Every structure is written in structure tokens, then in C-alpha cells.
Amino acid sequence: PVNFTEKPEDWGTPNGDSRKLYFFKGLLIPGIIASRVWYLKIRPSAPRNGQKYKHTRGGKQALYLADSLAIDKPAVICEGELDALLLTQEIKDLANVVTLAGASNDLNLATWGIYLLRPSTFILAHDMDEAGNKAAEKLAWLHHSQRLNIPALREGDKDLTDFHRSGGNLYSLIENALCHTAPILINWPAETKPATIRDQYRRNPDSSIEAYYSTDQLATCLDVMQARS
């Protein structure tokens, strides 16, 4: 709830540095894998100069949620922790979720390679921008990997959280990636005027519209909606 400093010895004196540790006011994301704290990342309540995250000194880059990876189960690799936590919540047991916690972070195979032998397939769900594409390309060598196309339901959308906030059903998106005949479900807000497919939607009492699409149908309908605006 507040900015504060702590004596380094209370935190194990990371890297033998005797300077006080500084903690920012904000949302704490602890990078804990197999009961070991690899890093402490904070999303500041009042970020400066567009910097979304701050790291507490002494942390090391890690594969967030790596110990959740199960043998012979699909795994989704997200770009950041908040996307990973949201997706884990929404897709439940459909697939496991991990992240390198940043588009520019590299995978340390010496440390994390053994974890990546467990999944049956990989879905690379990085942001739909240049940085996300580069991050996904660096992991394209993973066995049975595929790049996930995250539909932009609103202008400016680029990641899994955007898709969710705009009405997209994350479970259906990942299910479609695993089985391309599975429909993608969208719950369009009342203020949206979506393009839909006949007999593939219904209007709710609150005027929102539940619709489902194949991958190609959704792409075509989004093009129609963009042309209208």
C-alpha cells in the first residue's frame, strides 16, 4: 500500500549488496517456482515515464508458473504474468500456462529446459505486435508449437487481456487453437454493433449479443466492422 525500504539482511542480502531494498507501492507479482522466490516484480500505482513494472533488487529472470507444467498436456506461453494468471483462471484444466514475463526475455535452457519436455504442444500467445512476434519467433523451435492469433475485437486490442475485456471467451480461443473446428465465442457488449453469422448468435436481456464463429468467419466479421467505423 505504500513505498518503503527494508534492511537487505531481512531478505537474505540478495547478491551480497548491503544497500537497502526499495519496494514500490503497487501490485506485487512474486515469481515463485517450486517454493523458491526468483524475483519480486511490482506494477506501481503511479508509474513514471510509461514504465509499467519495477523489480526489487536481487531477482533473477525465470519461467513463471513453470512448476505447473504437466506431462503430455498442452502449454500456453504468454507474454506477461497478468495475462498468464488471467488465462489460468479462465481456461482451467484445458492447458497449462507459463510466461517468460516479458517479450525481450530469453529462455535459459540450462535452467528451464527440463520443464519444457513435459508439454505435448505449445501455443505461443504473445502480444500481437512487433515485440510479441519476435518473442514468439524465438520459441518457434519448441515441439509442436504454433503462434496464436489473438483477434482484435476493438481498435487497439493486442493481447489476451484485451480480448477478454472486449468480450472474448478465452477458453474458446485456446480450445480453437487446439482443435480448429471448435468455435470462438464472443459476448459483444450492448454498445457494440457486431457483425454476426445468421443462426450463430442470440441477444441477451441486457442487449449484449452472444455469438460464435469459426476462425475465418470471425476474421471476415471483424473486417466488416472495421470498414463500418
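Is Lys-138 buried, partly exposed or exposed? In this predicted model, Lys-138 is partly exposed, with a relative accessible area of 39%.

**View 1. The salt bridge between Asp-106 and Lys-138.** The side chains of Asp-106 and Lys-138 form a salt bridge, with an N to O distance of 2.7 Å. Asp-106 belongs to the loop between β7 (96-99) and α2 (109-112), and Lys-138 to helix α3 (residues 130-138), so the pair ties together parts that are 32 residues apart in sequence.

**View 2. The salt bridge between Glu-210 and Arg-202.** The closest N and O atoms of Glu-210 and Arg-202 are 3.4 Å apart. Glu-210 is partly exposed at 31% relative accessibility, whereas Arg-202 is exposed, with a relative accessible area of 52%.

**View 3. The salt bridge between Arg-19 and Asp-17.** In this pair, the closest N and O atoms lie 2.6 Å apart. Asp-17 is buried, its relative accessible area being 18%. The whole structure contains 7 salt bridges.

**View 4. A positive surface patch.** Arg-43, Lys-52, Arg-154 and Arg-165 form the patch. Arg-154 is situated in the loop between β9 (145-147) and α4 (160-165) and is partly exposed, at 47% relative accessibility. Arg-165 is located in helix α4 and counts as exposed, at 61% relative accessibility. The C-alpha atoms of Arg-165 and Leu-218 are 17 Å apart in space, and these residues are 53 apart in sequence.

**View 5. Cys-179 and Cys-221.** Cys-179 is partly exposed, with a relative accessible area of 38%, whereas Cys-221 is buried at 6%. The structure holds 0 disulfides.

Methods. Residues numbered from 1 in each chain as written. Predicted model: local features only at pLDDT ≥ 70, side-chain atom pairs only at ≥ 80, totals over all residues. Heavy atoms only, no water. Patch = residues over 30% accessible without salt bridge, like charges linked within 9 Å, V, L, I, M, F, W, Y side chains within 5 Å. Areas by Shrake-Rupley, 256 points an atom, 1.4 Å probe, with all protein chains shown as cover. Salt bridge = Lys/Arg side-chain N within 4 Å of Asp/Glu carboxyl O. Lys, Arg positive; Asp, Glu negative; His and termini not counted. Charge placed at Lys NZ, Arg CZ, Asp CG, Glu CD. Helix = DSSP H or I, 4+ residues; strand = E, 2+ residues; numbered from the N terminus. Buried < 20%, exposed > 50% of the residue type's maximum accessible area, 1.4 Å probe, protein only. Disulfide = S-S within 2.5 Å.
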